[in-house]
Amino acid sequence: MAVATHSKLDAERLRTDFAVFEELVNGKPVAYLDSAASTQKPRQVLDAMRDFYEHSYANVHRGVYRLAERATTGYEGARRKVASYVNAPSEREVIFTRSATEALNLVAYAWGLDNLEEGDVVVVTDLEHHSSFVPWQYAAGRTGATFCVIPIDEGGELRLDALDEIERQGNVKVVASNLVSNTLGTVNPVQALAAWAHERGAIMVVDAAQAAPHRHLDVQALDCEFLALSSHKMCGPSGIGALWGRRELLEAMSPFNLGGEMIRSVSAERTTWNELPYKFEAGTPAIAEAVGFGAAIDYVSEVGLGAIEQHERGLLEYTLGRLGELPWIDTYGPPPERRAGIVSLNVEGVHPHDVAQVLDWEGVAVRAGHHCTQPLMTKLGVSATIRASFYLYSIQEEVDRLVEGLVKAKTSLG
Ligand code: 7TS
């Protein structure tokens with residue numbers, strides 16, 4: 001792979017791996033500040049997928065012929081890369097899913113519906129993405145369990161002092177939290193939550209969709225039971241994500257989807273399930289996408305997660321400094337040392353969607369909306385925010401263009 005390892009990341013150089021940065025959008029180079037929604041894809045990932053389709057493509061696990069063997073090697077090699085990326089004890093504990101959303105649904109359905117009952121308590125947080133909030137709310141509703149939400153403080157950080165009150169609601173069975181909030185960038189104390197959950201005999205489910213692209217992940221150090229991540233947020237293709245789960249829990253769970261590949265034997269009298277991880281991978285999987293996911297893991301790992309985190313911290317501090325000069329900007333979220341490269345803000349007196357429209361005219365791509373965190377918007381007392389988010393290819397000049405665009409939006413619409 002062409003990417004050199006940097007102790008300090010050279011974003012300008014990395015940008016040459018991304019064709020999109022050579023394009024003009026509205027006659028201007030795009031300032032892409034929406035990486036929390038999805039990241040751009042480097043040539044190395046696209047080449048790996050194209051190469052796979054051209055030279056190694058067939059369905060996996062089914063053929064003895066050479067191409068099928070190559071395809072299976074590519075697909076299973078990607079699984080090994082995911083396992084190593086999250087420090088899983090075994091690659092059999094890594095299940096490929098369609099997305100982080102599907103990974104979290106898998107746990108809520110296949111574990112939740114069979115293990116929850118009245119008197120149990122399911123705990124999520126005010127910072128959850130709907131992909132983590134809603135499946136657990138649904139599983140609690142279906143089983144009669146109580147659904148509790150850990151509130152946030154003024155700075156957008158979890159109020160762990162509320163856990164005592166939550167515990168009084170019944171038997172705590174599940175705690176589900178993201179490691180990094182997609183809206184505020186808050187880095188959550190997942191290890192402490194896992195310890196609290198385990199003391200009560202509960203499982204810890206970590207949504208690492210926003211953490212995996214930016215921070216070193218270790219499921220053994222986090223001491224969680226399940227962890228979900230997504231390829232498209234870390235330079236990989238969309239359509240594939242992964243769930244890591246503890247083997248004994250996965251073994252005990254019923255399947256989530258039924259069909260080909262996930263069975264051992266089928267008859268009219270009795271059908272039995274395949275071993276892990278195939279029990280949870282019904283049907284033809286996203287094969288080339290898995291290969292692309294693996295190539296993305298290689299790319300991100302070669303750049304270095306430490307360097308990525310440091311680079312984004314620098315941009316975050318710079319952005320908050322520049323926004324601090326503008327008294328008509330409201331920003332939300334914790335201080336940079338407990339936050340990832342995500343900035344949610346509002347321009348006083350201008351609707352976020354109008355701000356985003358002005359920014360688009362300037363070639364600045366940000367997200368305006370509730371970011372699939374409506375409970376959090378309610379807590380913040382707003383219907384939407386503008387969100388700028390960074391990745392390894394983001395540069396200071398893009399932040400300057402964002403700030404100029406915000407000034408334009410304020411002067412023309414405010
Ligand atoms: N969890 C978090 C914390 C997320 O940010 C997202 C996507 C998901 C789960 C869902 O992941 P997916 O793999 O199913 O896409 N977040 C966003 C976002 O913030 N804007 O668009 C998608």
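The model is predicted: local features need pLDDT of at least 70, side-chain atom pairs count only at pLDDT 80 or more, and totals for chains, interfaces and linings use all residues. Residues are numbered from 1 along each chain as its sequence is written, and side-chain values use heavy atoms, with hydrogens and water left out.

Cys 148 is buried because its relative accessibility is 8%. Cys 224 is also buried, at 0%. Buried means under 20% relative accessible area, exposed over 50%, and partly exposed in between (1.4 Å probe, protein chains only). Cys 372 is partly exposed at 32%. Its phi is positive, near 60 degrees, although Cys 372 is a residue other than glycine. Cys 372 sits in the loop between strand 16 (367-369) and helix 13 (374-380). Helices (H or I, at least four residues) and strands (E, at least two) are DSSP runs, numbered from the N terminus.

Asn 87 also has a positive phi, about 55 degrees. This residue lies in the loop between helix 3 and strand 4 (94-97). Its relative accessibility is 31%, so Asn 87 counts as partly exposed. A cis peptide bond, with omega near 0 degrees, joins Leu 276 to Pro 277. Pro 277 belongs to the loop between strand 12 (271-273) and helix 10.

Helix 11 (residues 305-324) has 20 residues and should span 28 Å; its end C-alpha atoms are 28 Å apart, in agreement. The expected span is 1.5 Å times one less than the number of residues. Its buried residues include Leu 305, His 311 and Glu 312. The buried residues pack against elements including helix 1 (11-15) and helix 14 (396-413), with contact meaning heavy atoms within 4.5 Å.
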